Structures are given as structure tokens and as C-alpha cells.
Amino acid sequence: MSLPDYAELHCLTPFSFLRGASSARELFQRARAQGYSALAITDECSFAGLVRAHEASKETGVPLIVGTEVHLPDGLRLVLLAPSLCAYQALCGLITRGRRNADKGAYRLTRADLAQLADVLALWVPGKDPRAEDGLWIARQFPQRAWLAVELHRGSDDTARLRELLALAKETGLPAVAAGDVHMHVRSRRRLQDTLTAIRHRTTVAQAGAHLFPNGERHLRSRRALAAIHPRALLEETLRIAARCRFSLAELKYTYPRELVPAGRTPSGWLRELTEQGMRRRWPDGTPTGVVAQVEKELALIAELGYESYFLTVEDIVRFARSRGILCQGRGSAANSAVCFALGITEVDPARMNTLFERFLSRERNEPPDIDVDFEHERREEVIQYLYAKYGRERAALTATVICYRMKSAVRDVARALGLGIDQVDQLSRALAGWSRNESPHERLRERGFDPGSPVIRRVLALAYELLDMPRHLSQHVGGFVISEQPLSHLVPVENAAMPDRTIIQWDKDDLDTLGLLKVDILALGMLSAVRKCLDLLRRHGRGDLGLATIPAEDAPTYAMIQRADTVGVFQIESRAQMSMLPRLKPACFYDLVIQVAIVRPGPIQGDMVHPYLRRRQGLEPYEPMAGKLEGVLDRTLGIPLFQEQVMELAIHGADFTPGEADQLRRGMAAWKRRGGLEPFHERLIAGFLKNGYTREFAERVFEQIKGFASYGFPESHSASFALLAYASAWLKCHEPAAFGAALLNAQPLGFYAPAQIVQDLKRHGVRVNPIDVRYSDWDATLEDAQTQPILRLGLREIRGLSEDAGRRVAQARSRQSFRDVEDLCERAGLDARERKLLADAGALKGLAGHRHRARWQVAGVERTLPLFEGNPASETEIVLRPPTAADDVWVDYATTGQTLGPHPLSFVRGQLRAQRCRSAREAGELAHGASLRYAGLVLMRQQPATASGITFVTLEDETGTLNAIVWRDVARRYWRVFRESSLLAIDGTIERHDGVQHLIARCLQDYSSLLARLDARSRDFR
């Protein structure tokens, strides 16, 4: 007897967060292996995983049925399926209502919400004690479109349950159909599914009890197993339902808003007019001929592909921002577009750069353009709310980001679910933070007191492995906006974000790319905020009225500063890796900065292109220009393909690819390590090179060069956009260090360096820095005029724990009248006991009280004056208190503000460090290359770039300066706990000095933190 065919109609993926335990790909591959006719994905009140399911369906050939599961407050549980586009849109609207009616992560639906679900199919999933009236209501609500789902999981009496459900079906008039309530693709995933259930209910697996399934039957079972427990008629009914469900996500039609086009004008004509206006602004003396031709080419392709309204929308957003004085700048591949430059969206002048429009938009690819625009991070919300106000929440929403488990979060959640105590969970997550699968965790675990062979620890690790990369929840994208002509809920459900006044769609960026939906990225960039604040300070103090476009170009002192790697706080070139490269590359013009930004990236480094470029630049290796059609393609980078656009140009000029085909090559190269399939490109490239007169050896060498680079390539246009800001910030640091330093402090959190390092850098550059003082300090850092460079006054924002509201109350009260004493300050600024204590501890009251001890005493005695005693202040005996020592002041400075303007902490323990044979940073700078050294310093930063092959760059500081160390992976593993947890780190190593760059190469690490046990010093660590 042949096995019956079957379509699974009730199945959850990990996008029913912390319920489904198998990915869509695993589920569809299993469904194909079991010979299923179709598979429904029915995540709970969500379509978040539908695009992944759509892709898995196409890969496996198993048809996808679109649906969702909903639970009503009265206990009714339904599976709703979409047989048509109309039904899909109705379900999108239903999910949107449910999610918008509740806080993020929850939903709320009632029976009234199910009243208008035209064409939707419904499966009733009865509970333990089902009521016939529920089934009758469903039959009325979904006439000829409702079934009773019979879900049998080899319970204690499946026979009785089947008999009960069939009788209920007969009583209600609902046809019965088999379904599986699938939560995993195979039975062996049950252990993870139980763990997810415990995590979801915030309990342990041992205490989860009835929350857990009694067995592992909720997987995609074989048709033989299903036939053994379900009547054949129920299995055949699944096929009839599946036959009705013909809807595919490919049917979705997306229309971009058109209201930006004035009445009587066409989108193409209006875009052309705005572009021509922009060209006249950009080139008042006449647009270069080559640019005019490029604009015409771009406008023609934009019109052919129908993207005019998209460009008009982005232009409108940028125009709004600039009308409000908000700095913004487009970046990414859009900087290859002359139209974007003319419209003011990007700032990369196509007359100065080698732009390649097809990197941005091509006929062959026929995918939506993706324009990224950076706005000041503190004012981006104004732009976001402008979009919501203009298009309404029905038509505009942010893209989602799927937050997935990483090792640290996976270990924490699994350990809690398995019953480990909170202290054990903390220690375990610290031990495994940053751990990868290709290294043994045993040594780390033993350092923390764990037995790697313990069954519990082994189970934690095994489950954490399984949980890695599984979706945990939906969050909002950093700024990707989707805007539609029609309500977005016709395309995809919309739900509330965690932030107030924000809504997000349930799909992320990759999902949008798959379905061809347009998005514009409204991104936040802290450096734009810092630059704007700096320019405002300069105007306020009469030091010049500059803008990004009017900062003097190609300034020699600025490039000299960059070549010294004196770039703390400078955009993009302030990391340790960038600082190490600057004295070697020695940027001397803008295009050098474009290369500098791009060269410290995975592509050039892993493609072994950095050293050949540097050797050629330094004249140590000859550069032979390419001949024939490739002449000039790589001249600007001395024969080394550093940019994605150059990869495309090699294919275009050397192998006769069209620009669109070259972009397909670039994208194919980016995916080849994951998917393979480079053979057609290889053969086409080699044939093209041979046809154009190049040797096979040359062609193969170029192909290998492209292959080694393209998977990590960096767009030249993107690098140019970033180089503009890198230069602007460097010029401001070089010529206006006080204003630039104040702006950096006022734009925190920002960049690699904490406020303490910014202040120390300012002092090294001769800028005078005055302390926090309620008599002079505003909330932000300010400038106090001097004869040459202004003096920087630290702001009240540097006090940890003090609210902005309290800081601004102090400044406002002082602006009306200077403070007489501490009591006057507290009364007029309305400071509560906590705020008074924070100001006293931070030393902000020294000018009123004399020193910290007196300030603490005085704020402790401040009481609200009763009406009877107003005008008659009580006289108190003056208490004489001993001033704090210099060391006391330093310890408290660090505890309250994270920095000090007094002696460096290490100056107090220098004698003990010398006894341990530790030299200072100044002394290290006097040693020869290859000299051995023991050095101890406060850890300012640990940075482990993806490009560094396991290297961690560590920046340390003492009273004489900073020192940069390199810790190789094996050293970090050997001294893992010391390496990760020391605030005062001692390193035995060797001085390495090349091309003006000095590093200490670590051999041995020691923790000297006990010497400064009272010091609250915190490092900034980056990956």
C-alpha cells in the first residue's frame, strides 16, 4: 500500500521567537526528504520569517503556504492561511493591528478583529477541553473556509482524542484535517526546544513542567508515522487545502510614493529639472563635458528602470535636513552617481573622482538602488519624524533588524535555563566572551573554576552551539526606511518599536533585497554632530564662519599632522591599525586619504595587497603600468586593485564585460566562498583577456588577484565620502584643537577614545583645560577666550550619573545671578540630595566650598528653608576639615568623571613600578628596535579588528604618555584572564620600530591592578 501524500499546515520557525527550534531551510530540506507536498509557515502573529521561508521553498522545490498562528485572550487558537494576495493583505493588516495594539514583542487581538478576513482560510486548533460553540462561531466567521485541526502527538490516549475531535467536527460542521504543530525539523532538536521554552518562560528546564512538550513528536514526521496515527481522509484533506493556497510572495507589487512631483509634471521631468538646478549650483562656471554626459546616461537609466521617485524622495529628505541646519552627507555606492552629487545627496565630485555608476545601479542587475545618507546623530530623530509626518505611519516605517544569538548571550541564556546560579552565569559568560568554535574553551573555563568535563558544562556548550545565530528578537534597523504609495500593511506587517514614536516592518534589509523593495538609509554619524558643534563654537567665538564645503583644502600642516599619526579623535583614521599605517603611507593629498581609509580593510589585507602597494609607493619596488585596453585602470593605485570599482574596470576594459555584467562579477566574487560557482566568470574573463591580446598567465594572475580581494572589497566612492570627513575633522584638530576637542566631548559617545584620552591629547597639544566648576561650567564643554588658542572648560556632562536636566538647571540659575555659596546654588538650581552629592564628589563645588571635604559637609547640611525663617539664615559654627590629599583627589576624579586634571595615577606608584623594573612610556621611546622591555600602564583600549588575524592592539598610558602594544592570539589565550580584566597591565616584550611606528610586542602579561586598587579606571574595548 502506497504512503499517502501530505502537506504540513501548522509549522513554526525561530521567528516565533523562542518557540520554533529549526530554521526555515532545515524545515524545507526535511520536508523535501519526507516527500511532503507543501509546507505552511505559520509563525505566531508574525510574517518575520516568511522571506527566509520563500527562499528555502525555491531552493528545495517544496511549495510554501503562507500563514500565521494567533491566540485570542478567550483561549481560541487559530491557524490562518493565505490562499490569495487578497487574503495575504488581510492577514498583514490583522498582524499589524494586533502588534500595534500592544507593546513591542506582544500582540492583542479579539474576535472582532477577525470580522473582515476575506478569502482567509482558518484552522481551529482545539484546546484540552474544547467547546462546540467556539467551532460554530468559527464556521460562521469563515464560511466554507474553516477546518478543525486534528493534531496527534502520541499522547497518553490518542485514540480517545481522535474520537473526541472527530465528533466535535461533526457537531460544528467543520471538516477535520491533520496538522502537526511542528516546532522542529527532527526529533533530536527537542533538547534545544525545551531550553528555548524555559528561556521564554524565564524559568529552568527542570522547573518548566507543563510548559514543556511531553515528547519529541512535534517534528516533521515521516508520512509512514503520520499514516499510522491519522485516518487517511484527514491526510488527504491537507492536499485539498494546499491546492487552494497558491499565493506566492513573488506576487507582491511595490509602488514608490509619487506626491513629490508637482501637478502637471512627470517624475522624469521633475528629476531632470532638479538635477540641472543642482549642476548650476555645483559648477557655476559651467559643468564639465564629461559630467554632462555622465548625468545624461544616469538619468536615462533611472527613467528606464522607473526609480525617479526614489531619487526625488531622498533629495527631499536631504533638503529638509539642510533647511534645519542639520549636517548630512550621502555615502556608499551612491557616491558613484553624478545625479546624486548634483542633487546634493552626496559630496563626491565626479569631476575629481573615477566614478562608476554601475556599481550603484545597472540594467543587468535591475535591483533597487540603495542610498545611504548620514545625519548628525543627535538630530537624526528630526529627520525620522519628518518622514513619519510627511507619509504617515501607514506608509513609512523603519526596517527591522533580526537580533541573533551570539556566544555570550547564548551561553547566558542556556546556563540560566539549565539552573546555574547568577554568579556562575556571569563567570561563564565572561570566560566565553569572544570565544570561537575553532579554539578549545577548557583553559578559560578552568581559570574561572569550572570543570570542562562536567556534564552540565558540556551540555551548556553543546546547546549554546545549537543556539548560535538563531533569531532572538526583532529590533529596529539603524535607519533603513521603507516608504510606500499604498499602506505598508498591504505588503508586510508593521509593529511598534521599543522606542516611542517609532514603528518597524517585520522584514530586515536582506528580506527587502530579496523582494526588491526600495529603502533609504537614514543613518546617524557622530562625527557630523561633532563637526557641526565645532563650527558653531568657532562662529560663536569669532574664529571664522566655516562650513564643510569651505574648510581650506589640501592644507600642508594638516597632512603633516596626519603623517605623524597625530589623529586622536579624527574620523576614520584614529584606530590603532590606521595610526600604524599613516607614517608608512604618508598621505599628502585628498586621494591619498581615500586610499588610507580603504587600505586598512579586510580586502586589501587578506588579499596581500597592502605591502606591495607600500613598497611601490616608497620606491622600493618598480611599478609597470598595464598596457593595451587596461592602460590607466590601476595607475591611481600603483597597479594594485584596492577598490571594487577597479575590479569592475578590469573586467570591462580587459575582458569586454558590460558595466552591468562587471557588477554581477563583483557580486559573484563576494559570494563565491559561501556558494561557489565562479567557473562561468573565470572562463568568460580568461577568454576576454585572450581575445584582447593578453597572455593566459597574465589573465590567470589578474583573476586570482580579483578573487583574493573581491569578497572583501571596499567601494572607492564610499572611501571618498569618508575621506571628506576625515580631512575636515583633521583640519579642525590641526588648526582649532580647543574647539574640536570641546565638540568631541559634547558629541560623546563617539569614536575610539574616551573623554579622558581626548583631554590628555589636548593637554599634550598645549591646550589649557579648566576643571568642572559650577561657577563657570555649562552642561557642555565650552571655550573661554584667550589671546591665541581658547581655553577649554569641562562641562557638567562629564559627571557620571548627573542628568542633563540638573546640569542645565545649574547653568540657567547662574546665568541670572552668580552663586553666593553652596546653599544658594542648591536652592536656586533646585538640586536634590543625590544631585548635590554628585556635584560635591566630582569637585564641581571647590570654587564655592574650598575643597571636596568641605563641599560634602556643606551639601549635607543644606535644608529647605521654612517660610517662618526666610530672610533669617541660621548661623552655624564653621567646621575645619582637612583637605584631601592629591592622591585622594585623583581617585575620586576617576570615580566621578573617569578622568583627572591632576597628577596621573601612575605617578603615585612609580617607585613600586621601578622596583618591578618597569620603564615609562618616555623611556620606551628611547630604546632601540629589538630591545626588551617591561612596561606597565593603564589600559585605555583593546581593539581586535577582523583584519588582524587574531592580533589585539592594546593602548596603555602612564604619566609620561601612551604606548601601543600588540598581543598575539596565543599570548592572549595563555594569559586570558589577565589580558581581559587588568586595568593596570604589565607587559614583558620587545620593542618593534618600523617607518616611524613603534609597538611593544607582548611575550608575557601580568596584572598589577592591585597597586591601584582604589582607582576606577575603565577601558574601551572594540572588536
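**View A. Aromatic pairing in the predicted model.** The structure holds 15 aromatic pairs, where rings of Phe, Tyr and Trp (its six-membered ring) pair if their centres lie within 6.5 Å, and planes under 30 degrees apart count as stacked, over 60 as edge-to-face and the rest as tilted. The ring centres of Tyr-6 and Tyr-36 lie 5.3 Å apart with their planes at 90 degrees, so this pair is edge-to-face. The pair links distant parts of the chain, 30 residues apart: Tyr-6 lies in the segment before strand 1 (7-8), and Tyr-36 in the loop between helix 1 and strand 2 (38-41). Helices (H or I, at least four residues) and strands (E, at least two) are DSSP runs, numbered from the N terminus.

**View B. Packing of helix 1 against helix 2.** Helix 1 (residues 24-33) and helix 2 (residues 50-60) pack at an angle of about 30 degrees, their axes 9 Å apart; axes are lines fitted to C-alpha atoms over the stretch in contact, and angles run from 0 to 180 degrees between N-to-C directions. Ala-24, Arg-25, Phe-28, Gln-29 and Arg-32 of helix 1 meet Arg-52, Ala-53, Ala-56, Ser-57, Glu-59 and Thr-60 of helix 2, contact meaning heavy atoms within 4.5 Å.

**View C. Elements at the second largest pocket.** Helix 5 gives the most to the lining of this pocket, with four residues; lining residues have an atom within 4 Å of a point on a 1 Å grid, and a pocket is an open set of points, where a 1.4 Å probe fits, with protein on both sides within 12 Å along at least five of seven lines.

**Notes.** Residues are numbered from 1 along each chain as its sequence is written, and side-chain values use heavy atoms, with hydrogens and water left out. In this predicted model, local features need pLDDT of at least 70 and side-chain atom pairs count only at pLDDT 80 or more, whereas totals for chains, interfaces and linings use all residues.
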